[in-house]
Amino acid sequence: MSASPSPVVPARRPLVLGLARSGLAAARLLRRQGAEVLGCDRRRAEEAAEWARALDELGVRAEWGRDDPELLEGRDLLVVSPGVPAGHPLVRAARESGVPALSELEVGFRAARAPLLAVTGTNGKSTTADLAGALARAGGREVEVCGNIGRALCEVAEQVPPEGLLVVEVSSFQLELVERFRPWAAAWLNLTPDHLDRHPTLEEYGGIKQRLFAHQGPGDYAVWNADDPEVMKRRGGGAAWLHFSARSRPQEGAFAAEGALHLAWRGRWEPLMPAGELRLRGPHNRMNALAALALTLPLELPRDALRRALRTYAGLEHRLESCGRVGGVEFVNDSKATNVGSLEVALASFERPVVLIAGGRDKGQDFAPLAPRLRGRARHVVLIGEGALAMSKAWERSGVPIERAHTLADAVQRAFQAAQPAGTVLLSPGCASFDMFRDYEDRGRRFKAEVRKLGEGVRA
């Protein structure tokens, strides 16, 4: 197990494109290394006041309202935030002029001292990465969970010592511009169509995910979902393979059988704990737990520590998060469900039909395959946002009553009425949040605020 072989990014005058969380973290790292950093963002400074203040404090000059190729003049590196596509004119100009264009993920990797455990997939990345971090901490390791979840890799890369671990959630956006990125252990959870506005085909999307494993070699580990044929046909790289499954028994990895979670390691199969003792809700979370176990298996953590972590891990905010009851109605916040696959697994996590609040910014997804799933899983649907029309048309023959709401507050009120006297209201949008909210976290927190207001009104 070793950390990145190249702890220093060789750039004296880098340009950082995109100045939100990831861009700011990259700028800070490069400044710590003595670089003269220039930042740029197409937003106006007043639209990004928080980030503008932070850059001023760093002594980083920022060009707001600009992201044109002229900014490359005199620059020796372009660092690209994940929200910026690889086809951006500034990225193309960098390639044409011979200036390296790297993702923030790649820059963080090159500065890292600790080994990386990476998680990618269409769904379940955040929960699996966070749970893998919890397992490692329970086993006595110093861990930072970062990347597409929480703090950017560049923010923590230099802080974790070589004997610690960096558990990184990795999105396809972050993988578009990697060059030498090499995690010590990496897991691919699943592959279904997503981000079709940026990756038009499943082949292109899957090809970008494969980059996570491209530079692994002897001494590294690759973890694959044995139950997902799209993942299995894309296995590759030079790492040792592990698998996780709810249907079969891999030679090495983690699996569910006979109502229990099992580990397979170094020629031995061993039961770990009854699956029913997992605190997480839903069959998809059982798969996430298996993936986290397989990813951390090479660490050879104490089995008692694994059991303790799995029994107490309650999950992430905004991922099937119970946020209270009003009267007899339970409210569940699944704002992180930004695609059809996430919405589908959320619906499957409840024994009784729910009242669903869905909608948001449509990413070019096909909502029609979910229509049959609504029958028996949803008793009523309330739609919000830009995607409401497409969802309504796709689900109009599902047999489930559908109505539109103009605001989230309106949706919560309508869903509450439909769920009485003792149902469950599930916010699981199946869409991005950017039409009405800053991000999915903002959407989830505002949902919880509306539930609190509703409860106060009912008690009054």
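Which strands does helix H10 lie across? The views below answer this and describe further contacts.

This is a predicted model, in which local features need pLDDT of at least 70 and side-chain atom pairs count only at pLDDT 80 or more, while totals for chains, interfaces and linings use all residues. Residues are numbered from 1 along each chain as its sequence is written, and side-chain values use heavy atoms, with hydrogens and water left out.

View 1. H10 lies across S6, strand S9 (185-188), strand S10 (221-225), strand S11 (240-245), strand S12 (253-257), strand S13 (260-265) and S14, and runs at about 155° to S11. Helices (H or I, at least four residues) and strands (E, at least two) are DSSP runs, numbered from the N terminus. The angles run from 0 to 180 degrees between N-to-C directions, and axes are lines fitted to C-alpha atoms, for helices over the stretch in contact. The sheet is open and has nine strands in the order S7-S8-S6-S9-S10-S11-S12-S13-S14, with mixed pairing. Two strands pair if DSSP finds at least two bridges between them. Strand S7 (143-147) and strand S14 (268-274) are the edge strands, each pairing on one side only. From one strand to the next, the twist averages 20°.

**View 2. The pairing of strands S6 and S8.** Strand S6 (residues 116-120) pairs with strand S8 (residues 165-169) in the parallel sense, over four bridges. Within this pairing, Leu117 stands opposite Val167 in S8.

**View 3. Helix H5 against helix H10.** Two packed helices are described by the angle between their axes and the distance between the axes. Helix H5 (residues 125-138) and helix H10 (residues 283-296) pack at an angle of about 50°, and their axes are 9 Å apart. H5 and H10 are therefore oblique to each other; angles under 35 degrees count as roughly parallel, over 145 as roughly antiparallel, 65 to 115 as roughly perpendicular and the rest as oblique. The crossing of H5 and H10 is right-handed. A crossing is right-handed if the near helix is turned clockwise from the far one by less than a right angle, and left-handed if anticlockwise. On the H5 side, the contact is made by Thr127, Thr128, Leu131, Ala132 and Leu135, and on the H10 side the residues include Asn285, Asn288, Ala289 and Leu293. Contact means heavy atoms within 4.5 Å. By class, the contact of H5 with H10 has eight nonpolar, five polar and no charged residues. Here Ala, Val, Leu, Ile, Met, Phe, Trp, Tyr, Cys and Pro count as nonpolar, Asp, Glu, Lys and Arg as charged, and the others, Gly among them, as polar.

**View 4. Helix H5 against helix H11.** The axes of H5 and helix H11 (residues 303-312) come within 8 Å and cross at roughly 135°. That angle makes H5 oblique to H11, and the crossing of H5 and H11 is right-handed. Leu131, Ala134, Leu135 and Ala138 of H5 meet Ala305, Leu306, Arg308, Ala309 and Leu310 of H11. The contact of H5 with H11 has eight nonpolar, no polar and one charged residues.

**View 5. Strand S4 and its two partners.** Both faces of strand S4 (residues 77-80) are covered: Leu77 and Val79 on one side, and Leu78 and Val80 on the other, are all buried. Buried means under 20% relative accessible area, exposed over 50%, and partly exposed in between (1.4 Å probe, protein chains only). Strand S1 (residues 14-17) pairs with S4 in the parallel sense over four bridges, and Leu77 in S4 is the bridge partner of Pro14. S4 also pairs with strand S5 (residues 101-103), in the parallel sense over three bridges; the bridge partner of Leu78 in S5 is Ala101.

**View 6. Ala275 in its loop.** Ala275 lies in the loop between S14 and H10. At 5% relative accessibility, Ala275 counts as buried. Not counting residues up to four places away in sequence, Ala275 touches Gly259, Ala260, Leu261 and Arg286.

**View 7. Ser433 in its loop.** Ser433 lies in the loop between strand S20 (424-427) and helix H16 (440-459). Because its relative accessibility is 2%, Ser433 counts as buried. Leaving aside residues up to four places away in sequence, Ser433 touches Asp439, Tyr440 and Arg443.
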